[in-house]
Amino acid sequence: MPGAVPAPGAAPQDTLPGHTSTVGRLAATVERLRGEVRAAHAAADGRALIELAKGVMIERLRCGPAQAARQLSELAEQAGLSQLALAADIINQAAQDRVAEVADDFVRRTNGEAGPEEDGDASVAVRLRTAESAALAASDTQAVAESLLEHALAPLGATAVAVWTAGSDASLTLCGHAGFSSDEAARWRYVPPGVATVARQALSGPHTVRIRSFADDEVPSIGRTQTPEGGRVALPAGTGGRVHGVLEICWPQPLAPQSPAVERQLEALAELCAHTLESHPDGAGHHPAGGELADVSELVDLVDGLYDPALVLTPHLDAEGHLVDFRIRHANSRFIDPAGRVRGAVNGALLLEAYPTAADDSELFEKIERVYATGEPFRARRMTLTALVDQVPLPSVADLSISRHGGSVLLIWRIEDETARLASLLQHAQRLGRIGGFEENLVTGEITWNSQLFALYGLDVGDNAVPLHDLADHAHPDDAVAIGRFLQAVLHHRRATSTAFRLQRPDGVTRHIRVIAEPVLDADDRLLAVRGAYQDISSQHWTEVALAATRDQLAQTEQESAERNRLALQLQHAIMPPSRAPLDAPGLQVAVRYRPAETESLVGGDWYDAVVLPSKRILLCVGDIAGHGIDAATGMVVLRNAMRGLAVTGAGPGQLLSWLNIVAHHLTEQVTATAVCGVFDPETRVLRWARAGHLPPVLVRGREANTLPILGGLLLGALAEAQYEESEVQLEPDDTLLMYTDGLVERRDTGVHESLTQLLATAGAPAASLERRLDRLLTHSRSDTDDDTCLIGVHVS
């Protein structure tokens, strides 16, 4: 077949076998014929517009068809337009409808500048009029969708369109589509109520939904997998306040901001779809059974059989077809007009005219309008309602139901009876509080109990009630005296009183009961009756018993805890008093400070040591045991004494910490600690030191204070074996070395680095003596963790 074009993706003709080449030619022929059919349809749609314009000119100029054709041709040539564009302008001027309004608005906004929305003959008016003409000629909604995409949406960059019809149950049915594969359309043929899709959002609003890109939104929709980066616009398609469905338009790329002119074009297309759905609601050209043709009289018969007030409403449209109000078609016999009007005067009236407050009454009118638009019923309990209730000006609480039936809206409400509601609340309160009421007539002997009191006694409602005189027969013998005093106060002294007793029920269960009673006297001060209530206080009684036992146990626990803390504190103070006498070392002044925690319940494990070794060197140590209490205090004693014993060997600080780690890991029960150990030689003024996870010492030289370089070393007790890095510092006369625990600097709201900066600033300030320097460090410490603090100061003279 000469001139055939290979199908997309096919190999060149000379590389294909004979039968494959034939298939390619046939595919190209089919595609060419499809293009010719589309062109023929477009030409037919164009001819339809031209013929319609000729008809307008025949009516306006009162001429024949031939003269109208010549006039159209001459006017188009004079205006420099195609006959199709001129025909669209003539129809717009004659119709003055929504399409004409959109086309005029587009021309006004663009101010004559052509853009992506307008190119040559394919103007906005031509596209919209062509789409309208094709939709009117279409036999079903599927053809309408194809026409919308071809004539109006493809020039805007859209690649697919879906037309959904809304069911009475708020479901969605795909009644027309274009640009989607048949398999994709089959998967989305029906969307049940409650499934959140793009079209559902537009229907529930009802409002226009715009999604820039599916990459930014997780909402599902038809064709999303085909265009994962594409954008969507979904518009409710409605007329006269009624939403018949949704027009969903798809773009293959992220949706750019749209101009107001384009937005109005899309709204005009949605309105065109609404008229199509109104004519072909199921997409095939016929109304579903019982839809818009439902007889209002059937609804009237229904509401007349209800025991609650109800109104049947129908939409009231203005001259332009917009919903402005609802007409009251029928009010049932249960309805009482708040203004006292008879039902005949209410029937046929407009809702907002008869009851203006419905517009503000809990947004009642908006809810009715929404139900009519979407078909989704509205239910609410205990809603404030005043407009339709015969209790003006007081607001009433009502249960409300609004539903759409065909083209009508059914409004039903139930006013809550305040007396019945209070009685129900009282009944529930008595049940929850396990309270039973009674009244005993002392003149007739009649006794009245409520059902809850029978339940408290373990009796059936039909059993005989127990009179007050026989109350002791149903109680524990030990409570007879208290019951006697209770009866004497009520029956003889005639005053209200109460008592508690143990009720022994027929089923063998014993309950703790409190009875409250008051006398009822007549005008002559004679006793007529006694009324009151019984309350089951068993839970309260056993709670009080359990609480008393808990108090005793808590007091014992507190006493034991206080004793443990006292012993731990004594042990701590015995080994490390808050202050101690100066250390006697030549050429060296050593001072220590120990500040216990502010609360005695947090006895910690901080420790320090400064001792002259047999080698005349001086051992300087500070450490911190993890935890608090007696275990921390005893762990501190073990490590401190172990360090003293190990230091006698003359080993360096790194080796001492390595040995101390073995002690912490093997010879104690789960003790972990940090420490700094230093050995100072007074003759050479050299300090050898090492650290085990502890903050480094601070060296004050002149007016500058700096921390010593960080050395490697794991905290004590974490591993069975550990090595500790060791370093030497050459001290000079008038130098001051500070070793401390984290209680001096640690804060809950500040990092360690910031706290160390503040410590260095305080330590670098001049001081009259070492003792004054240490006292000032403790005074200006900003620590707020209530932890112990150990501080050693070494001044080289």
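## A surface patch of negative charge

E369 is partly exposed, with a relative accessible area of 30%, where buried means under 20% relative accessible area, exposed over 50% and partly exposed in between (1.4 Å probe, protein chains only). The residue lies in helix α13, which covers residues 364–374; helices (H or I, at least four residues) and strands (E, at least two) are DSSP runs numbered from the N terminus. Together with D360, E363 and E366, E369 belongs to a patch of negative charge on the surface. Such patches are made of residues with over 30% relative accessible area and no salt bridge, like charges being joined within 9 Å.

## Basis of the model

The model is predicted, so that local features need pLDDT of at least 70 and side-chain atom pairs count only at pLDDT 80 or more, while totals for chains, interfaces and linings use all residues. Residues are numbered from 1 along each chain as its sequence is written, and side-chain values use heavy atoms, with hydrogens and water left out.

## Salt bridges between strands

Side chains of opposite charge can pair when their charged atoms come close. A salt bridge is taken here as a side-chain nitrogen of Lys or Arg within 4 Å of a carboxyl oxygen of Asp or Glu, and by this rule the count comes to 18.

One of these joins D399 and R381, with 3.4 Å from N to O. The pair links distant parts of the chain, D399 standing in strand β10 (residues 396–405) and R381 in strand β9 (residues 378–385), 18 residues apart. D399 is partly exposed at a relative accessible area of 21%, whereas R381 is exposed at 67%.

Another salt bridge pairs R688 with E726, whose closest N and O atoms are 2.7 Å apart. Here too distant parts of the chain are linked, since R688 is in strand β21 (residues 686–692) and E726 in strand β24 (residues 726–730), 38 residues apart. Both partners count as partly exposed, R688 at 32% relative accessibility and E726 at 33%.

## A helix-to-strand pair and a network

E771 forms a salt bridge with R593, the closest N and O atoms lying 2.4 Å apart. This pair connects helix α21 (residues 770–779), which holds E771, to strand β17 (residues 588–595), which holds R593, across a separation of 178 residues. E771 is partly exposed, with a relative accessible area of 26%, while R593 is buried, with a value of 13%.

Elsewhere, D522, D524 and R526 are linked in a network of salt bridges.

Technical notes: Patches are made of residues with over 30% relative accessible area and no salt bridge: like charges are joined within 9 Å, nonpolar side chains (Val, Leu, Ile, Met, Phe, Trp, Tyr) within 5 Å. Accessible areas come from the Shrake-Rupley method with a 1.4 Å probe; for residues, only the protein chains shown count as cover. Lys and Arg count as positive and Asp and Glu as negative; His and the chain ends are not counted. The place of a charge is taken as NZ of Lys, CZ of Arg, CG of Asp or CD of Glu.
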